[in-house]
Every structure is written in structure tokens, then in C-alpha cells.
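Okay, thanks for coming, everyone. Let me put the structure up, and then I'll walk you through a few places in it.

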Amino acid sequence: MLGRDEVPRRLTLRENDDLHIVFVARPGYSGNVDFEIDIVRPGANLEIAGLYLSNNGDKVNFNVCVRHLVGGSHSRQIFKGIVGDRAAVSFDGLIYVAQDAEKTEAYQENHSILLSDGKVDTRPQLEIYADDVKCSHGATVGSLDEDALFYMRSRGIPFEEARKMQMISFVSDILDRLPESYRNDVISRI
Amino acid sequence: MSNILQIRNLHAAVEGKEILRGIDLDIAEGQVHALMGPNGAGKSTLGAVLTGRPGYEVTEGSILFKGQDLLAMTPEERSWAGLFLSFQYPIEIPGVSINNFMKAAVNAKRKAAGQSELSPADYLKLLKSKTALVQMKGEFIKRDVNVGFSGGEKKRNEIFQMAMLDPDLSILDETDSGLDVDALKIVADGVNALRSPSKSSIVITHYKRLLDLIVPDVVHVLKAGRIVRTGGRELVEQIENQGYDSIND
Amino acid sequence: MPQSEDIIRSATQQEYKEGFVTEIDQEFVPKGLNEDIIRLISAKKAEPQWLLDFRLKAFARWKEMTPPEWGHLSRLPEIDFQDIIYYAAPRRDEDRPKEIDPALQETFDKLGIPISEREVLAGVKSKVAVDAVFDSVSVSTTFREELSKLGIIFCSFSEAVREHPELVRKYLATVVPAGDNFYAALNSAVFSDGSFCYIPKGVKCPMDLSSYFRINASGTGQFERTLIIADEGSSLSYMEGCTAPMRDENQLHAAVVEIIVEKDADVRYSTVQNWYPGDAQGRGGILNLVTKRGICRDGAHLSWTQVETGSAITWKYPSTILQGDYSSSEFYSVALTNNYQQADTGTKMIHIGKGTRSRIVSKGISAGFSENSYRGLVQVLPGADGARNYSQCDSLLIGNRCGAHTFPVIRNANPNSVVEHEATTSKISEDQLFYCNQRGLAPEEAVGLIVNGYAKEVLSRLPMEFAVEAQKLLSVNLEGSIG
């Protein structure tokens with residue numbers, strides 16, 4: 001499923017469903033992006049990825065809720081983006097693991113690069129009521145990596161190109177989930 | 001024989017703390033200089049200052065590289081001018097293949113020199129000859145820059161990049177650290193293959209074993225931000241046998 | 001391989017050894033809360049008018065406020081604030097006003113708290129100055145004279161009001177304003193005693209200072225107020241401990257701690273919180289609803305270390321306002337909940353100054369039917385160039401009837417800063433348990449050992465004697481009733 005298509009925002013995953021969603025918020029997109037997904041049978045696998053390239057006053061709010069109501073299922077949320085120029089992005093993500101939903105594996109990541117005059121709020125949340133689980137989340141909000149930037153420049157890659165290359169590098173794992181034609185279109189907007 | 005590098009009274013600080021405290025150093029074309037010294041002496045700082053790493057502040061002194069004021073140049077301009085640093089801790093860049101990384105770097109240098117981009121065929125030819133130099137397989141260039149590399153692979157990747165960019169002065173910052181004997185030999189062979197009467201190097205190391213393979217013309221000992229002794233290979237022997245404490249100004 | 005549930009079931013119920021009651025003649029103010037009660041408390045302490053005004057203003061604010069409901073604390077009962085006695089103090093022997101009542105001496109002896117200097121000098125314990133608070137009053141503060149030679153002021157809050165009113169007035173409520181939150185407002189209206197500490201410019205405090213809080217009387221609440229000021233270039237290590245009797249009723253502890261860390265000063269604040277946690281069925285226990293906050297000026301450093309093992313309910317977020325350039329702060333926390341305990345704890349790091357740094361390490365351990373949440377905020381304001389935060393929050397679940405939650409918030413508006421947060425949730429490793437069992441450790445012992453290892457990064461930051469105490473507490477509080 002692609003960000004271009006209409007994305008159903010409320011879903012229920014039954015056994016052995018394998019659902020992959022990639023949502024791309026391109027420059028100029030503002031809005032609320034909500035996903036509410038219940039996993040009700042073991043064996044389901046869910047992956048929600050998001051990419052945001054927000055500038056020029058864009059406002060994007062992600063609200064992602066994944067509920068593991070039974071054990072033995074997997075989910076992964078990965079949201080990454082670059083935010084600058086008066087844009088504001090917020091990410092509210094929840095992993096909920098119900099009591100007795102043992103052997104759940106759930107991961108959540110939200111990483112943002114802030115450029116000048118951007119703003120990011122992130123709230124990755126874990127709410128866990130079963131013990132035999134593997135759950136983790138990670139979030140970062142920061143500047144471009146100075147060391148990587150210097151490494152590229154020391155190899156003769158000019159500053160602006162190095163910056164762009166680094167931004168592409170930063171979101172590359174989300175880009176990899178896109179079909180090639182669409183991927184190049186997205187890269188051209190970075 | 002003219003000097004490719006001329007450092008005068010160089011002082012530099014990191015986060016307000018002075019690390020380099022008056023370095024004078026001349027390197028002639030074709031020479032290999034070894035830079036030795038205890039941890040914290042300022043060896044890596046000198047490499048960082050020469051290549052313009054952010055966070056390293058030059059507080060006094062001057063550096064001429066091929067007659068140009070190096071300190072007035074950006075890191076990429078220094079690279080185009082022919083300066084290369086083999087990083088002690090090479091940086092990982094996920095999602096960027098070595099191939100794309102080097103293509104961008106080689107063409108940026110050509111563009112700065114007023115040359116056109118390399119044709120795909122010429123680029124491929126260059127790539128093949130240089131990967132062979134460090135005994136890397138063809139698959140290697142498809143991998144992301146340094147991501148998931150072993151210590152030895154990272155250092156071979158540095159020497160590969162050095163070969164691709166064909167610098168006039170290369171600084172090898174502890175390129176031998178963490179390498180086993182075989183990897184060390186591959187790296188040293190790569191460096192030696194690039195030696196020529198017009199190319200110079202600074203080899204930063206703690207160990208004689210690298211300097212047995214890359215034989216230096218001049219050896220400097222750096223202590224507390226100053227070069228306290230300059231000599232020939234006999235200094236390497238002295239340090240190996242008696243340690244840095246045996247050398248004072 | 002034994003399942004952890006079996007191990008846990010097989011373990012026995014552990015007594016809360018600090019759960020005794022001291023029989024002592026005490027005076028109380030009447031039950032309930034109104035302006036008259038506040039005037040009465042203020043009069044008992046012979047307070048100046050400005051402080052009474054401060055209390056009354058806070059009370060007016062509080063009446064307009066409602067309790068916060070965002071904590072993950074389903075068992076926090078609705079508190080009847082009219083059903084609490086706001087002031088209780090051991091009656092003084094009129095003939096010997098300077099002496100410590102033998103019953104109090106015995107109480108603190110039993111708790112292992114040295115409230116006379118002789119014990120410390122004679123014993124093997126390292127030198128620590130103690131301010132011991134019993135219900136609503138401070139009963140003893142040791143080493144005051146020795147400290148005063150260096151210009152250090154260490155006394156009860158009430159005494160500070162009398163003897164150093166200019167300092168109290170200058171700093172009180174500057175970090176936690178009276179209307180900051182519902183419980184801080186309540187505290188500002190009715191606070192009784194707590195510790196006051198001032199370290200002058202450039203002075204390194206030669207010994208650890210500590211406060212020990214003891215709730216004794218039934219039907220009361222404790223409203224401690226602590227104010228710590230570390231002047232320019234000074235340094236201080238401060239410790240805080242607390243216990244209470246075992247009772248079927250809930251008792252309220254609503255404290256406010258304010259710390260001012262002036263330019264280049266360094267404060268380490270350590271807490272071992274061991275309030276009565278309630279029984280295995282979730283009856284009774286302290287409701288620990290606390291506001292602690294510090295402010296750092298240029299180059300200052302504030303380090304929070306907390307070990308939270310007690311209380312039925314913990315609602316606590318020791319926080320730092322990194323106002324000064326290049327100031328830094330840490331929050332290291334171990335929170336353990338067992339039976340029906342619920343803890344919602346964490347920190348706020350507010351980066352205002354340039355080059356500010358903060359680090360958060362939180363280790364949550366949930367057992368039994370308990371709920372344990374980390375809640376945190378890391379905020380980077382637009383001017384905080386070069387700010388850096390790293391947070392690591394781990395949760396460990398023991399048994400499958402408890403909950404472990406992580407609710408961090410990151411707000412970043414500065415492109416030259418880096419904020420990183422990582423969290424994991426997992427169960428206690430059966431491989432580790434088995435390995436310990438195989439080497440002859442009993443299950444409870446093994447759990448204690450593993451949990452202590454898990455918490456080591458935090459425990460190692462405590463002053464030595466405190467660390468030993470905290471290790472014991474972690475093991476003891478895990479014994480029994482888990483699962």
C-alpha cells in the first residue's frame with residue numbers, strides 16, 4: 001500500500017495477515033495522520049512506516065496506536081523525517097500489549113532531523129501488561145550528524161551536496177520500502 | 001625539493017582547551033613523515049586541524065599547503081586541493097553506497113578542477129583498479145559506507161578512497177590500530193603502491209610494525225602539543241625499546 | 001527449568017521492618033483544611049506575616065485547582081482533604097526543651113538513623129549530618145556547629161524562617177511556584193517542616209547532608225518543604241530517606257523540594273524512598289505525591305538519583321531547569337513496584353541555556369499486580385544551541401499480572417541540538433534465573449541478585465552507605481507475593 005492510495009485508518013489484523021503501510025508526507029502536506037490497528041489473532045505481522053519532509057509552515061501530526069490484544073504477533077512502527085522552515089511535526093505512537101498477550105514483539109522508532117526554524121514533538125509510548133514480550137522504542141530529534149558531514153566534505157563532496165546526501169541517508173531505510181519510480185520522485189524533493 | 005606543507009607555530013584548542021601548543025613542521029614533496037607520541041599528545045588533533053574538522057579551533061599560527069593558506073579553505077576545498085585524511089574512526093553512512101559516495105567525491109574534485117565528469121566506463125575502470133589495490137571484491141562498492149564493516153574493512157575502505165581521490169598529501173591516523181597482520185599488510189601495500197616522488201604522507205602511529213612496512217623518511221615525536229624530537233628511523237627503535245619517557249626536549 | 005511465576009509463588013511474604021508505631025504524646029491541630037487551620041499551623045511556628053500570606057494565597061489558588069488525572073495510577077483514591085490532620089508533633093517536655101525525647105531517640109535508633117553526633121563519631125558510620133523530621137516537626141539536626149564554621153547553614157525549615165528569613169524569602173517558591181500543580185499548591189498552604197540548606201560561595205560541603213522523614217501519627221499527612229541553595233562554585237551531596245508505620249489507611253505525603261544551583265555549583269541529590277507500600281492485598285500505604293525541582297545557572301550541575309521502593313502510590317518527577325549556559329543535569333532512577341503498588345515517576349529536563357546537557361537513566365521493575373510507569377519530558381528551547389540529551393528507560397516485568405509503561409515526551413525546537421531516547425521492556429531472563437539456580441542460589445535470592453545487577457548503573461551513583469541500604473531494599477521488597 002502506498003501513501004498515494006487512500007489508507008484505511010482503522011484496521012483489525014487477523015491471523016497471518018501481513019500488512020505493510022508506508023505513508024509519505026511530502027513537502028506541502030499538512031494534516032493529521034491517524035492509524036489505529038488492533039491485532040486480534042496470533043501470527044499477524046504489521047509494519048507501518050512513515051516519512052515526512054516538512055517545510056514552509058507544514059503541520060503534520062501522526063497518531064499511531066497499535067494494540068496487541070493476543071500474543072504471538074509482531075509489529076513495527078518506523079517514522080522518520082526532516083523538518084525545517086517553520087514546519088511542525090508531532091508523533092504520538094503507542095504500543096499496547098494486553099494482559100496475556102505473551103510472545104509479542106513490538107518495536108517503534110521515530111527519528112527526526114531538525115533544520116532551522118523547525119519543531120518536533122515526539123511521544124513514543126509503551127503500555128505493557130504481559131511479561132514475555134520483546135518491546136522497545138527509540139526516538140531521536142537532532143541536527144545533521146556533524147561527523148558524517150565532515151567525513152563527506154573531507155572527501156571533497158561540497159557542503160550542500162553532503163547535506164543532501166546525509167538527509168537521503170537518514171531516511172534511506174524508509175525510501176527502500178517505496179517502489180523505485182516513486183522513490184526517485186521523493187528523493188528529488190529532499 | 002619544495003615543501004608541500006609548511007606549519008608555523010600552530011596552536012589549536014578543542015572546547016576551549018589548548019591541545020596543540022606551537023607546532024612547526026615542514027614536509028617536502030615525496031616524503032613520508034611518521035608522527036609518534038603518547039595518547040593525548042595531539043596527533044589526531046593535528047590531522048583534524050589540517051583537514052578542517054568542526055570543533056577544532058586554531059588560535060594561533062599558519063598552515064601553507066602547496067603555497068595556499070589552508071586555514072582559509074573549507075574541508076571540501078582542502079580535499080580538492082589534494083589533502084586526504086584516513087580517519088581513525090571512519091564514519092558510517094547508512095543508505096549511501098560506497099559507489100555513489102565515491103562517484104560524488106571524484107566528480108566534485110574534477111568539477112573543482114574545471115574538468116568534466118568521468119564517463120561511466122572510465123569511472124568503472126578507475127573503480128576496478130583501486131578495489132583491486134586493497135583486495136576488495138566487486139560487491140564491496142555496493143555496500144553502504146562503513147555500515148557493518150569490520151575494523152579491517154573500514155581501514156581498507158579508507159585506503160581505497162585515498163587511492164580513488166589520488167591526494168598529494170595523505171594523513172593516515174592510526175590506520176594500523178585494530179588490524180591483524182594480514183589486514184595490516186594489505187593496507188601498507190596499498191599505501192606503498194601510491195607512493196611517488198610527488199606524493200607525501202604523514203603516518204600517525206604508536207607502533208613500529210607499521211613503520212617497518214611503510215618506511216618513513218623523517219620521524220617526529222609529539223608530546224603535550226609540541227614536537228619534542230625530530231629524527232630518523234632510529235627514534236622508532238628507541239621508542240619501541242624504551243618508551244616515550246626516554247624522549248624529552 | 002522453573003517458571004518465574006513458580007519461583008515467585010514459592011517465595012514468602014516479607015515484613016516491612018520499619019512498620020512499627022512509636023508511642024509518644026503528640027499534639028495535633030483539628031482535622032480538616034481551611035484558613036483557620038493554616039493560620040493555626042503558622043501560629044504554632046510563630047511565622048512572620050509574609051509567610052502566612054504566602055500560605056493563604058497558595059490555599060486560595062489550590063481551592064481553584066483540581067487533582068491531576070494524567071498519571072497512570074488507577075488505584076490513587078479520591079482523597080478527602082477534610083479528613084486529614086495537617087499538623088502533628090511530639091509534645092515537648094517543658095522542663096527539658098533542648099533534649100530529645102527518649103522515645104524519639106529509640107525510634108531513630110531502630111531505623112538506624114544517627115540523630116546524635118556521638119553515635120556518628122563513635123561508630124563506624126561515615127560522617128553524615130542528619131535533619132530528622134518526625135511527622136510535622138524537625139526533632140534534631142546534627143553537626144550544625146561544625147558546618148556553621150564554614151558558613152554552611154543546615155537546619156529545619158522552620159528554624160530557617162526564624163533565623164534566615166532573608167534567604168528563605170529570596171528563594172522560596174522560585175523554582176516551584178505555589179500554583180505549580182495541585183499538590184504543590186496544597187503543600188505551599190500547609191507545609192510543616194523539612195530541611196533548609198545553604199552552602200556559601202566556593203565551599204565544598206565536607207560531609208554528606210541528609211534529611212530523614214518519619215510519619216508516625218495516624219490520620220495525618222506529611223507536608224515537608226525542603227529548600228537547598230548551593231551558591232556559586234559550591235558543592236554538596238544530599239541524601240533523603242523516609243519510612244512510615246504499617247496501617248490499613250492511606251496516608252498522604254505531599255512534599256515540595258526546591259534546589260537552586262548557582263553558577264558553577266554542583267549538587268548531588270539522592271533519595272531512597274521506603275514509605276510503607278501497603279500490604280499484599282493493596283490495603284493502606286503512603287500516597288507519595290511529590291514535586292521536586294532544581295534550577296541550574298551557568299555551568300552548574302544537578303544530579304538526581306532515586307531509589308523508589310515504597311509507597312502505595314508514587315507520583316514524582318524530580319526535574320531540572322537548565323537555565324544557565326553549559327549547565328548539566330542527570331536523573332538516575334530505580335523504581336520497584338510489587339503487590340498492588342503503582343508508580344508514575346520520571347523527570348523533566350528543560351534545556352534553556354546554550355550547550356546544556358542532560359542524561360536520563362531509568363530502570364523500572366514491576367512485580368505482582370503492580371503498575372510502573374516512566375513519564376518524562378525533554379524540552380529544548382529555540383535558544384539552547386548545542387543542547388544534548390540522552391535517555392535510556394528500561395522496564396523489567398516479573399510475573400504476568402503487572403504492567404510496565406513508558407511515556408516519554410520530546411519537544412525540540414532547536415536545530416543545533418540532539419535528543420535521543422531509547423527504551424526497552426522485557427521479562428526477567430529465565431536463562432539468568434536458571435544459571436543462578438544451578439549455581440545454588442535460591443529463587444528469591446536469584447531474583448534479588450538479578451534485579452540488583454539490572455539496577456546497578458543507578459545504585460552505583462548513591463553514596464556508599466545508601467547504596468548498601470538500597471540494595472537490601474530491592475531484594476527485600478521483591479521477596480514474596482509476586483505473581
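Let's start with one residue, Ala335(C), which sits in strand β17 (residues 328-337) of chain C. When I say strand or helix, I mean DSSP runs numbered from the N terminus: helices are H or I with at least four residues, strands are E with at least two.

Before going on, some housekeeping. This is a predicted model, where local features need pLDDT of at least 70 and side-chain atom pairs count only at pLDDT 80 or more, while totals for chains, interfaces and linings use all residues. Residues are numbered from 1 along each chain as its sequence is written, and chains are lettered from A and ligands numbered from 1 in the order in which they are written.

Back to our alanine: is Ala335(C) buried or exposed? Buried, because 27 other C-beta atoms lie within 10 Å. The cut-offs are 20 or more other C-beta atoms within 10 Å for buried, 12 or fewer for exposed, and partly exposed in between, with C-beta atoms placed from the backbone. Leaving out residues up to four places away in sequence, Ala335(C) touches Glu308(C), Ala343(C), Thr345(C), Gly364(C) and Asn372(C). Touching, or contact, is C-beta atoms, placed from the backbone, within 7 Å. As for Thr314(C), it is 21 residues from Ala335(C) in sequence, and their C-alphas are 9.4 Å apart.

Now, how does chain C meet chain A? Here 27 residues of chain C contact 30 residues of chain A. On the chain C side, β22 (403-412) and β23 (418-427) each supply at least two residues. That side divides into 11 nonpolar, 12 polar and four charged residues. By nonpolar I mean Ala, Val, Leu, Ile, Met, Phe, Trp, Tyr, Cys and Pro; charged is Asp, Glu, Lys and Arg; polar is the others, Gly among them.

β23(C) also pairs with strand β10 (residues 134-142) of chain A, antiparallel, over eight bridges. Pairing takes at least two DSSP bridges between the strands. Within this pair, Gly142(A) has Val418(C) as its bridge partner.

Over to chain B, which puts 21 residues into its contact with chain A, against 18 from chain A. By class, the chain B side has 13 nonpolar, five polar and three charged residues.

Last stop: an open, mixed sheet of six strands in chain B, ordered β6-β9-β10-β3-β11-β12. β6 (83-86) and β12 (226-231) are at the edges with a single partner strand each, so one side of each has no neighbour in the sheet. β6(B) runs parallel to β9 (residues 169-173) of chain B over four bridges, and Phe84(B) stands opposite Ser170(B) there.

Methods. Contact = placed C-beta atoms within 7 Å.
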